[in-house]
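Please keep the sequence and the structure open while reading.

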Amino acid sequence: PLTYTFVNPISFFTPLSWLCFYFWGVEVEKYLGRRHFVAICGVLIMLPVLFTSALYMLGRQGMVSGDYFLIVGLLVAFATLYPDMDYIGGWIPLKWFAFACIACGSLMYFPEHQWGELAQLWLCCGAAWAIATVAATTNVQLQRIMTRDIHPHQSRVKPDTIRLPAAETNGSQETRRSGGPK
């Protein structure tokens, strides 16, 4: 079930999707870290398989092939992390580019009444957005904990260090240990 992403039709868009996977994937991995990037990719690969299996158990036929849902999910994750980044020559923000891509992708499924594929598209987009949002929030909280911004009772200055006023230090901000010589 995991190899379906490598079964793409031969077209101009297949190498383009590989380039998109590389460029967007690198940026998402840089921002979130490898663990969260692998989690996003794993969810985006397994979600269509699980959804199609559930539809099959309900009596609907379906098939999953190609990397479309993976690429769209990475675009949503990338746009979630960098929403106001100028894209396509610097004249469109990334969030609107992602919105236009999802809207066009949705419009592809409407005329043929492919509601299962449409649901997979929106499910993958929602999952990518949720994971990227939670992972980015987690990374920010970890950075705050490491710099001690989250715990106001912890001071950045060591408790036994005294800041001398500028008048006593000839204009410079010096510190000395309390209890030591002047």
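How many residues does H4 have, and how far does H4 reach from its first C-alpha to its last? H4 has 16 residues and reaches 23 Å, close to the 22 Å expected at 1.5 Å a residue. This value, like those below, comes from a predicted model.

## Overall make-up

The protein contains five helices and four strands. Along the sequence these elements follow the order α-α-α-β-β-α-α-β-β.

Of the 182 residues in the protein, 32% are buried. The exposed surface comes to about 12,200 Å², and carbon and sulfur atoms supply 67% of that area. Among contacts between residues at least 6 apart in sequence, 58% join residues at least 24 apart.

H1 has 20 residues and a first-to-last C-alpha reach of 27 Å, close to the expected 28 Å. Its buried residues are Thr14, Ser17, Cys20, Trp24, Gly25, Val28 and Leu32. An α-helix has 3.6 residues a turn, so residues three or four places apart point the same way.

In H4 the buried residues are Leu94, Phe97, Ala98, Ile102, Gly105, Ser106 and Tyr109.

H2 covers residues 34–57, which is 24 residues. From first C-alpha to last, H2 reaches 34 Å, close to the 34 Å expected at 1.5 Å a residue. Pro48 itself is among the buried residues of H2, together with His36, Phe37, Ile40, Cys41, Leu44, Ile45, Val49, Thr52 and Leu55.

His36 lies in H2 and counts as buried because its relative accessible area is 14%, with the cut-off for buried set at under 20%. Beyond its neighbours within four places in sequence, His36 is in contact with Ala135 and Asn139.

Gly33 is partly exposed, with a relative accessible area of 24%. Gly33 and Asn139 are 106 residues apart in sequence, yet their C-alpha atoms are 8.9 Å apart.

Most residues other than glycine have a negative phi. His113 has a positive phi of about 55° although it is not a glycine. The loop between H4 and H5 holds His113. With a relative accessible area of 52%, His113 is exposed.

## The nonpolar core

Which residues touch the most other members of the largest nonpolar core? This core has 35 residues, and the ones in question are Trp24, Val28, Leu32, Ile40, Tyr87, Leu94 and Phe97. The elements giving two or more residues to this core are H1, H2, H3, H4 and H5. H3 supplies the largest share, eleven residues.

Leaving aside neighbours within four places in sequence, Ile40 is in contact with Val28, Leu32, Leu74, Ala77, Ile131 and Ala132.

Is Gln120 buried or exposed? Gln120, in helix H5 (residues 115–147), is buried, with a relative accessible area of 4%. The side chain of Gln120 makes a polar contact of 2.7 Å with the side chain of Thr52, a buried residue of H2. Apart from residues up to four places away in sequence, Gln120 touches Pro48, Phe51, Thr52, Val64 and Phe69.

Phe51 belongs to H2. Phe51 is partly exposed, because its relative accessible area of 22% falls between the 20% and 50% cut-offs. With residues up to four places away set aside, Phe51 touches Gly116, Ala119, Gln120 and Leu123. The C-alpha atoms of Phe51 and Gly62 are separated by 9.5 Å, the two residues being eleven apart along the chain.

Terms used:
Residues are numbered from 1 along each chain as its sequence is written. This is a predicted model: local features need pLDDT of at least 70, side-chain atom pairs count only at pLDDT 80 or more; totals for chains, interfaces and linings use all residues. Side-chain values use heavy atoms; hydrogens and water are left out. Buried means under 20% relative accessible area, exposed over 50%, partly exposed in between (1.4 Å probe, protein chains only). A polar contact is a pair of N or O atoms within 3.5 Å; within protein, one must be able to donate a hydrogen and the other to accept it, and residues adjacent in sequence count only if both atoms are side-chain atoms. Contact means heavy atoms within 4.5 Å. The expected span of a helix is 1.5 Å times one less than its number of residues. A nonpolar core is a set of buried Ala, Val, Leu, Ile, Met, Phe, Trp, Tyr and Cys residues joined through side-chain atoms within 4.5 Å. Accessible areas come from the Shrake-Rupley method with a 1.4 Å probe; for residues, only the protein chains shown count as cover.
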